[in-house]
Amino acid sequence: MHETADVVVIGAGVNGASLAYHLALLGVRRVLVLEKKVAATGATGLSSGLVRMHYTNEVEASLALSSYAYFRNWADMIGGECGFTETGFIRTVAPRNTEKLRANVAMLQGIGVETYLITPGELHDLAPNIWAEDILLAAYEPHSGYADPTATTLSLLDAARQRGVQLRQHVEVQGFLTKGERILGVQTSEGVIEAGTVACATGGWTMELLQKLGLKFPVWNIRHQVAILRRPGEAQADHMTYIDGVLDVYYRPDSPGLTLVGGGAMIFAVSADLHPLLGPVPGYENLYAIFGCNGTGFKTAPAVGKALAEQITGASEPEIPITSLRPARYFEQATIHDPNGYSDRPQEHTEPPQ
Ligand SMILES: Cc1cc2nc3c(=O)[nH]c(=O)nc-3n(C[C@H](O)[C@H](O)[C@H](O)COP(=O)(O)OP(=O)(O)OC[C@H]3O[C@@H](n4cnc5c(N)ncnc54)[C@H](O)[C@@H]3O)c2cc1C
């Protein structure tokens with residue numbers, strides 16, 4: 001006899017862990033997480049872990065704001081540790097994007113994010129080591145920072161398992177069993193598992209997996225580089241977390257005396273309109289996915305897992321409606337245009353960005 005589950009979650013990165021936890025919280029009984037390696041060894045385990053709310057569109061900012069409440073209250077909401085460290089967060093942009101920064105801070109304040117516009121002089125007072133001569137304004141979030149992506153994922157998985165979720169590691173999903181528009185289950189390296197619903201939380205592997213169903217999405221994996229630098233003797237004090245939109249680099253403190261630097265215009269799993277794909281996979285009534293997170297999917301994972309769990313269980317009043325992020329938007333000429341985005345990339349790619 002085949003094994004059966006109500007929901008099979010493929011992938012035990014931070015998004016799969018969050019989804020499994022929230023499904024259990026919403027009362028789904030048999031949730032099975034399948035991971036081809038071990039938990040948190042995909043993008044999650046390499047993530048820089050920045051936790052901030054400065055987004056240039058309301059839906060992702062709302063997901064980040066809702067997730068921030070988890071990071072701040074982790075022990076009470078999830079239990080265990082997520083390693084959240086409050087450093088304060090600065091976002092600068094090139095002078096040509098100053099009006100967009102102003103509009104975005106107003107939008108963020110409107111949804112309840114604690115953020116302010118500050119002048120270069122105020123930035124200098126807050127963070128004397130930041131070069132502020134080439135900007136006109138900066139956005140400041142006094143209580144943002146970074147968290148530990150591996151600890152976050154493992155504690156979500158622990159909390160999920162306490163609610164009956166099963167995690168199976170070293171089990172690879174190799175394909176889907178289908179009947180018409182229904183997914184009947186998954187073919188794994190250890191045999192067939194029947195499933196009421198299947199959710200792909202497979203990060204940069206999702207495109208390959210969905211191609212097995214003939215589905216092709218404009219999402220591409222791109223290398224993103226991170227370095228750890230030792231600060232000079234006169235700069236030993238910890239500093240703020242900082243995204244520098246002039247040089248297109250970010251920084252956060254790491255172990256004492258060390259700074260993590262990430263950079264380049266290149267990010268992991270970029271989607272054509274630079275927004276994540278969350279929700280039902282078109283063509284199948286019981287298949288869902290989370291992917292194309294554009295290098296920013298750690299900080300939103302708590303709320304994304306909740307929002308997708310609400311969709312799967314058919315919650316009538318979701319906390320954050322995510323339908324605008326549905327994967328089907330690529331087949332419906334409904335991709336998202338972000339008028340206040342800072343990227344110089346064209347909003348619509350039909351080929352992998354170079
Ligand atoms: C260097 C770097 C820095 C980043 N910095 C930040 C940051 O500062 N802040 C932020 O918010 N985001 C950041 N991100 C992005 C963030 O880390 C990712 O968006 C997020 O971790 C994605 O999580 P996930 O669970 O969707 O995917 P993943 O963590 O990639 O997990 C997918 C899992 O699925 C498993 N899997 C794949 N295929 C199969 C299969 N067929 N069968 C079974 N299992 C399978 C994989 O083994 C993997 O464990 C960064 C990413 C990188 C790479």
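Helix α1 (residues 14–25) packs against helix α7 (residues 149–162) at about 25 degrees, with the axes 8 Å apart. That makes the two roughly parallel, a label that covers angles under 35 degrees. Axes here are lines fitted to C-alpha atoms, for helices over the stretch in contact, and angles run from 0 to 180 degrees between N-to-C directions. Helices (H or I, at least four residues) and strands (E, at least two) are DSSP runs numbered from the N terminus.

This is a predicted model, in which local features need pLDDT of at least 70 and side-chain atom pairs count only at pLDDT 80 or more, while totals for chains, interfaces and linings use all residues. Residues are numbered from 1 along each chain as its sequence is written.

Who touches whom between α1 and α7? On the α1 side, look for Val14, Ala17, Ser18, Ala20, Tyr21 and Ala24; α7 brings Pro149, Thr152, Thr153, Leu156, Leu157, Ala159 and Ala160. Contact means C-beta atoms, placed from the backbone, within 7 Å.

Now for the sheet. Seven strands make an open, mixed sheet, in the order β6-β7-β5-β15-β16-β17-β14; strands pair if DSSP finds at least two bridges between them. At the edges sit β6 (116–118) and β14 (225–230), each pairing on one side only. From one strand to the next, the twist averages 20 degrees.

Inside the sheet, β5 (residues 89–93) and β15 (residues 241–245) run parallel, joined by five bridges. Thr92 stands opposite Asp244 in β15. Helix α5 (residues 98–110) packs on the sheet, touching β5, β6 and β7 (138–141), and its direction makes about 145 degrees with that of β5.

Definitions and conventions: Angles under 35 degrees count as roughly parallel, over 145 as roughly antiparallel, 65 to 115 as roughly perpendicular and the rest as oblique. Two residues are in contact if their C-beta atoms, placed from the backbone, lie within 7 Å.
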